Amino acid sequence: MGPLLELRYPTVAELVSAARALAAGAPGLCVLRQVGASRAGRPLHLLSVGHARRAVLVVAGAHANEPAGGGTLLALARRTVRERELRDGTSWHFLLCADPDGASLHVTPAPRSLYDYHLGFFRPAGPEQPEWAPSVLPPGRLPPETRALTGVIDEVRPYLQVSLHGTDLGGSWVQLTRDVPGLAEPFAKSAAQLHIPVETGASDAAGWPVSGPGVHVMPAPEAVPAYPSLTDDARHSTWYHAHRYGGMTAVIEVPMWASDLVDDPAPHPAPDAVMRRLADRLLRDSGEVRRVLEEARPRHGDAGGPLLRAATWGLELVPGLAADLARTPPADGTRAYVGSVDAFARRVPLRAAAMLRRALRESDAGAAARLEGLVARWSAAFADRFRARWVPVNHQVEHQSRAVLAAAHHARERAG
């Protein structure tokens, strides 16, 4: 692992430069090419290693605020060039960054704290996220980043697509569009070796079947969602596009800061009561952000900017989500699940405040200062409540890389 990965996350420009060097160093083995362009005209690059028809596709940068995937992708690309056995009957394809526009707006490549991380935070509204857009938009309105990603899937027809994701604070977990028997053991072993907790009750996978600790399989179409108000559906995302070719997708999450509160499988003594309290806090905190937005909006001219769109979209989710938490029986009664939901309910208003602060700092310094105070207070409370401890970048990358290789091995066995 190079020193770059031990210190910080690589930028998109550094990923492209490194991929170009790999392709130049092994011209008969590697090809780097542009496979599309973003809405702002930024290129989307694909690095291909090997020529076998059986393929693995690795996607980084689908969420701009989850930077570990870029380092993981680069580490894997270098390994597949160096280690012939990884290319035995398999070609590897690496989409360097699925959302380069988003990556240009998330500006904390080496955060020192959750507060620092949120000062540069950006994550686009759901319809603008490349993987999620098909779950909320009709086919004719999909963004070019989504079309580029599905075009790559159509071309290489991977037996496994791996989407590299991350969480700001919590543990590591995997989401699968089909079960991969045998994956849970190496995944748990890697996490233990690197002192990364396994998020056994991830709220993102609430109510899903479990293949092993932290390994969740997406439910059948008729399953009732844990949060009915959320209209996006993973089964309509680009994760399922590989299914038309007999493939599948593994989504591998790794934390920036770890918390041992998210891997406790013990029953929570009062999950229903806690969910109601979390719903109340979500409404209260989001209300503070909304009041700043309503007061500042008449003086804000950039109504169509991505930061403001994203902040507003997040706030619009709150009433339905709070009702889901208060009225719907918990999908999981463990301490791990309650802790994961607690973290989720903190993120929504915190992220909205962070992005709104950035959107307003040029036009309304007073509003931006109020929001910065909220970001500081909520970031500190988040870190304190979960006893956050930093996971070194090279550990994040190593764990995610191991999980990718294990998923590729066991998925290939499953595919036959």
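Residues are numbered from 1 along each chain as its sequence is written, and side-chain values rest on heavy atoms, with hydrogens and water left out. As the model is predicted, local features require pLDDT of at least 70 and side-chain atom pairs count only at pLDDT 80 or more, while totals for chains, interfaces and linings use all residues.

Across the whole structure, 7 aromatic pairs were found (rings of Phe, Tyr and Trp, the last by its six-membered ring, with centres within 6.5 Å; planes under 30 degrees apart are stacked, over 60 edge-to-face and the rest tilted). One of them joins W92 and F94 in a stacked arrangement, with 6.2 Å centre to centre and 15° between the planes. W92 and F94 are both buried (under 20% relative accessible area, with exposed over 50% and partly exposed in between, for a 1.4 Å probe and protein chains only). W132 and W239 form an edge-to-face pair, at 5.2 Å centre to centre and 65° between the planes. This pair links distant parts of the chain, 107 residues apart: W132 lies in the loop between α5 (114–119) and α6 (133–136), and W239 in the loop between β8 (215–217) and β9 (248–258). Helices (H or I, at least four residues) and strands (E, at least two) are DSSP runs numbered from the N terminus. Both W132 and W239 are buried.

Two arginines are placed over rings (CZ of Arg, or NZ of Lys, within 6 Å of the ring centre and within 35 degrees of the ring normal). R54 lies over the face of Y159 at 5.8 Å from the ring centre, and R385 over that of F386 at 5.5 Å.

The salt bridges number 21 (a side-chain nitrogen of Lys or Arg within 4 Å of a carboxyl oxygen of Asp or Glu). Among them, R39 and E128 meet at 3.8 Å, N to O. R39 is in the loop between β1 (30–37) and β2 (43–49), whereas E128 is in the loop between α5 and α6, 89 residues apart. R39 is partly exposed at 41% relative accessible area, and E128 is buried at 15%. R39, E128, E145 and R309 are linked in a network of salt bridges.

A further salt bridge joins D168 and R347 at 2.7 Å, N to O. D168 belongs to strand β5 (residues 160–170) and R347 to helix α11 (residues 335–360), 179 residues apart. D168 is buried at 1% relative accessibility, and R347 is buried at 11% relative accessible area.
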